[in-house]
Amino acid sequence: MTEIITYRLTGRGVWGYEFFDMEQSQIGFVRNGLSSSEPVLIEGEGINWYSIFGLDNTIVPGTGRRVKDNRNGTEIFRIIFWQPGLYEVRSVAGESVQVEVRDGAYLFGLPESPATALTQRISEAKWVPSSGYDVEPYFRTVFYEDVSPGFQMMVLSFPALRFY
């Protein structure tokens with residue numbers, strides 16, 4: 001079991017999340033400017049991704065948001081909206097994970113199976129990193145299985161990428 005704490009950052013012209021393991025080591029981040037035309041940047045262990053999604057897009061069941069590799073532009077995965085509280089994350093290899101949003105918590109896994117990961121909202125943590133931004137503890141994610149760095153970063157970045 002692995003636990004990650006997400007801290008929300010806000011500052012002049014930027015917002016994002018930073019991810020820290022229980023040893024207080026940063027393992028990645030998500031950042032974006034306040035303009036909807038700017039890409040969301042996602043970085044972590046061997047990961048350098050981006051995603052662009054215009055706020056003027058109509059969101060209906062089946063609408064997808066692509067996440068691409070920043071080095072070569074290839075699609076890594078797509079978040080698909082099915083209904084409020086139900087999403088699918090589908091890799092280009094065809095692998096799929098269901099995401100349910102229940103009472104502000106995110107459950108990641110296969111339908112009718114135990115969750116692989118759970119992200120819950122928090123407001124306190126034992127430690128808060130110093131930063132040039134306003135920083136607050138925001139999520140606690142528990143991975144119940146060993147997962148790849150890519151899967152881990154997909155789960156951690158999902159709240160910043162999902163449709164509202």
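The model is predicted, so local features need pLDDT of at least 70 and side-chain atom pairs count only at pLDDT 80 or more, while totals for chains, interfaces and linings use all residues. Residues are numbered from 1 along each chain as its sequence is written, and side-chain values use heavy atoms, with hydrogens and water left out. Helices (H or I, at least four residues) and strands (E, at least two) are DSSP runs, numbered from the N terminus.

**The barrel**

- Twelve strands form a closed barrel in the order E1-E2-E3-E4-E5-E6-E7-E8-E9-E10-E11-E12, with antiparallel pairing.
- On average, neighbouring strands of this sheet are turned by 20 degrees against each other, direction ignored. Here axes are lines fitted to C-alpha atoms, for helices over the stretch in contact, and angles run from 0 to 180 degrees between N-to-C directions.
- Two strands count as paired if DSSP finds at least two bridges between them.
- In a regular strand the side chains alternate between the two faces of the sheet.

- Strand E6 (residues 64-69) runs antiparallel to strand E7 (residues 75-83), and five bridges join them.
- Arg65 stands opposite Ile79 in E7, and Arg66 stands opposite Arg78 in E7.
- The hairpin of E6 and E7 has five residues between the strands, and Gly73 in the turn has a positive phi of about 80 degrees.
- E7 also pairs with strand E8 (residues 86-91), in the antiparallel sense and over six bridges.
- Arg78 has Arg90 as its bridge partner in E8.
- Two residues lie between the strands in the hairpin of E7 and E8, where Gly85 takes a positive phi near 90 degrees.

**Salt bridges**

- A salt bridge is a side-chain nitrogen of Lys or Arg within 4 Å of a carboxyl oxygen of Asp or Glu. By this rule the count is eight salt bridges.
- For exposure, buried means under 20% relative accessible area, exposed over 50%, and partly exposed in between (1.4 Å probe, protein chains only).
- Arg140 and Glu3 form a salt bridge through their side chains, at 3.0 Å from N to O. Arg140 lies in strand E12 (residues 134-143) and Glu3 in strand E1 (residues 2-11), so the pair ties together parts that are 137 residues apart in sequence.
- Arg140 is partly exposed at 28% relative accessibility, and Glu3 is partly exposed at 24%.
- Asp69 and Arg71 meet in a salt bridge of 3.2 Å, N to O. Asp69 is buried, at 9% relative accessible area, whereas Arg71 is exposed, at 54%.
- Glu88 and Arg90 form a salt bridge, with the closest N and O atoms 3.0 Å apart. Glu88 counts as buried at 13% relative accessibility, and Arg90 counts as partly exposed at 34%.
- Arg66, Glu75 and Arg78 are linked in a network of salt bridges.

**Helix H1**

- Helix H1 (residues 149-161) has 13 residues and should span 18 Å at 1.5 Å a residue, which agrees with its end C-alpha atoms being 18 Å apart. The expected span is 1.5 Å times one less than the number of residues.
- H1 bends by about 30 degrees at Val155, and Pro159, a proline, follows within four residues. The bend at a residue is the angle between axes fitted to the seven residues ending there and the seven starting there.
- Eleven of the 13 residues of H1 are buried, so the helix is mostly covered. Among them are Phe151, Met154, Val155, Phe158 and Leu161.
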